[in-house]
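Biologist: Can you walk me through this one? Start with any term I'll need.

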Amino acid sequence: MTIPSYLDLRSKTRARDRSLRDKVMSLEEAARLVADGDSLAIGGCTASRTPMAMIWALIRAGKRDLEVSRSIVSTEGDLLYASGVSRHIITSWFSQGIVWGVSKVMRAYTESKRARFEEWSHMAMGLRYRAGAMGVPFMPMRSMLGSGVLDRAEGAKTMECPFTGETLLLVPALNPEVAIIHVQRCDAYGNAQIDGLTFMDIDMAMAANKVILTTERIVSNEQIRRHPDQTKIGFFTVDAVVEVPFGSAPHECYGLYEPFYSHMDLYAQMTSKDPDAGAQAYLERFYHEPKNWADYLSRIGMAELLDAQRRGSGIYDD
Amino acid sequence: MTTERARVSLSVAPAYTGSELLAVMSARLLKEGQTVFAGVGIPLLAAILAQKTHAPGLTILFEGGVIGPFVEAGKLPPSTNEQRCSRRANMLVSITEVLLLLQRGYVDVGFMGGAQIDRFGNLNSSFIGDAENPKIRLPGTGGGNDIASLADMIVAMKHEKRRFVEKVDFITSPGFLDGGDTRTRAGLPAGGMFRVVTDLGILGFDAESRAMTVVALHPGVSAPDIRANTGFDLPVPDDVPVTQAPTMDELAILRELDPEQLYTA
């Protein structure tokens with residue numbers, strides 16, 4: 001655990017082209033912004049607003065040894081392990097989702113020590129990104145103390161508060177090399193509007209040295225300027241914009257589509273008996289064989305997509 | 001909530017599952033006007049049941065960043081992070097902000113499920129066996145550690161000997177640690193275990209030793225029953241009260257909420 005020096009952190013930021021410029025590119029081009037061994041933060045949470053298309057592109061590009069962090073990790077974590085893209089995931093909770101039980105793939109990889117699941121509390125993950133976003137080396141907090149989670153958390157320290165004498169926990173800043181975040185809409189410059197739950201994405205964008213946005217649709221800068229209060233991630237943090245409809249499938253994107261439940265069931269089935277072979281078969285069929293993202297969606301199926309969309313848009317019924 | 005055992009056994013008791021019993025018994029512990037930080041599953045069901053019965057003004061918080069939602073019957077969320085959690089909420093915030101409400105002291109009750117618990121109320125959801133070489137790697141804390149560190153806790157879980165152990169394999173979410181004042185001395189001066197609701201009874205913690213004790217037994221459950229299903233010495237007071245069985249009304253609400261028995265099978 002090393003905290004980057006403050007001046008290094010600033011100089012990386014200042015070396016970026018932070019001008020108001022068109023950053024639109026393809027998934028494949030955006031994947032080239034991620035180098036083997038990079039630390040990678042993933043936006044969204046569990047099965048929500050997961051930047052699945054970008055993860056799909058990183059797996060197809062054969063990236064190796066990314067140190068991945070996310071608030072809560074679901075099926076995408078299994079696939080990052082099984083593809084070899086990551087052997088180290090930092091998060092607070094890791095499984096497909098409560099209704100599907102404990103992830104068999106996560107278990108197979110971590111119990112055999114082929115991969116590492118580094119556990120921090122949810123608030124610790126949030127404050128680690130926040131410290132990174134604030135440009136300070138740590139944040140103080142009041143949980144994790146006394147627990148086994150603290151014993152195993154590399155880099156966490158306790159201190160006696162200089163004002164009150166209380167015991168506080170200090171969690172180290174996370175400044176990921178790259179953050180990948182999926183949003184409902186943004187302009188070509190990367191001004192992003194996020195509907196619904198923002199999870200840890202705003203801090204994550206501020207903390208990262210590079211941000212790749214995938215978006216359901218690209219809107220005009222004029223539309224952004226009509227409601228600047230709705231801009232949750234500013235263009236100056238963003239390095240790439242990729243337009244990917246259904247870019248979180250089979251996870252959900254707030255207000256547009258809910259999780260693709262039948263496909264999530266299929267995934268759980270495929271990985272339940274023989275997690276290793278099942279994950280490889282899933283990767284082959286849905287990650288390596290498809291010609292492009294549209295082909296991936298076709299393989300998931302039109303009926304599933306329409307059902308997820310019908311349920312998703314229902315959030316505005318009340 | 002307490003009745004004579006003899007009377008209960010004579011009344012016509014509706015049939016219910018163990019999970020339904022957990023949801024009803026924990027819902028009754030929630031009070032009108034409280035702010036409850038709830039996990040999905042039984043805690044969510046119990047919180048909604050309380051909203052629909054005696055606590056219409058109960059405010060639910062979800063760790064996904066949701067303040068005060070009313071979740072729709074038949075559309076239970078698969079986790080605390082999907083759009084279904086946010087229905088008719090007063091406010092949506094980031095995960096970090098909603099967790100900081102715990103730290104700031106805005107939450108009356110933390111409410112979650114448990115996989116393994118010990119006599120001092122410490123919870124394990126990380127490792128079965130040794131953490132370095134686990135038999136099973138479990139999903140981990142999520143917000144569990146933060147909630148248990150910073151709020152008064154209700155835990156709902158199945159009562160089995162392998163789940164109620166002398167010492168948990170790993171402390172994911174702190175209870176009273178080693179008992180006495182060890183929790184406070186570790187830097188956790190606030191919150192702590194309040195009640196553990198199981199399918200056999202309701203458990204509390206001694207004010208001094210902080211060890212688990214029986215507060216009430218469910219209808220048809222004897223002191224030897226609950227002790228036989230607990231992996232440590234669990235004191236049962238002689239005059240321990242018996243809870244009132246779930247009513248038809250409570251069960252009807254639960255079944256409307258979870259028609260596919262996602263969480264109540």
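Modeller: A crossing is left-handed if the near helix is turned anticlockwise from the far one by less than a right angle, and right-handed if clockwise. This is a predicted model: local features need pLDDT of at least 70, side-chain atom pairs pLDDT 80 or more, while totals for chains, interfaces and linings use all residues. Residues are numbered from 1 along each chain as written, and chains are lettered from A in written order, with ligands numbered from 1.

Biologist: Which hand is the crossing of helix 3 and helix 8 of chain B?

Modeller: Right-handed. Helices here are DSSP runs (H or I, at least four residues; strands are E, at least two), numbered from the N terminus.

Biologist: Which residues make that contact?

Modeller: Helix 3 of chain B gives L45(B), I48(B), L49(B) and K52(B). Helix 8 of chain B gives E250(B), I253(B), L254(B) and L257(B). Contact means C-beta atoms, placed from the backbone, within 7 Å.

Biologist: New topic. Where does G97(A) lie?

Modeller: In the loop between strand 3 (88-91) and helix 5 (104-111) of chain A.

Biologist: Buried or exposed?

Modeller: Buried, because G97(A) has 24 C-beta neighbours inside 10 Å. The cut-offs within 10 Å are 20 or more other C-beta atoms for buried, 12 or fewer for exposed, and partly exposed in between.

Biologist: What does G97(A) touch?

Modeller: Leaving out residues up to four places away in sequence, T46(A), A47(A), S74(A), P78(B) and S79(B).

Biologist: And how many residues does each chain put into the contact?

Modeller: Chain A puts in 54 residues and chain B 44 residues. Helix 4 (95-104), strand 10 (134-137) and helix 5 (144-150) of chain B each give two or more to its side.

Note on methods
Two residues are in contact if their C-beta atoms, placed from the backbone, lie within 7 Å.
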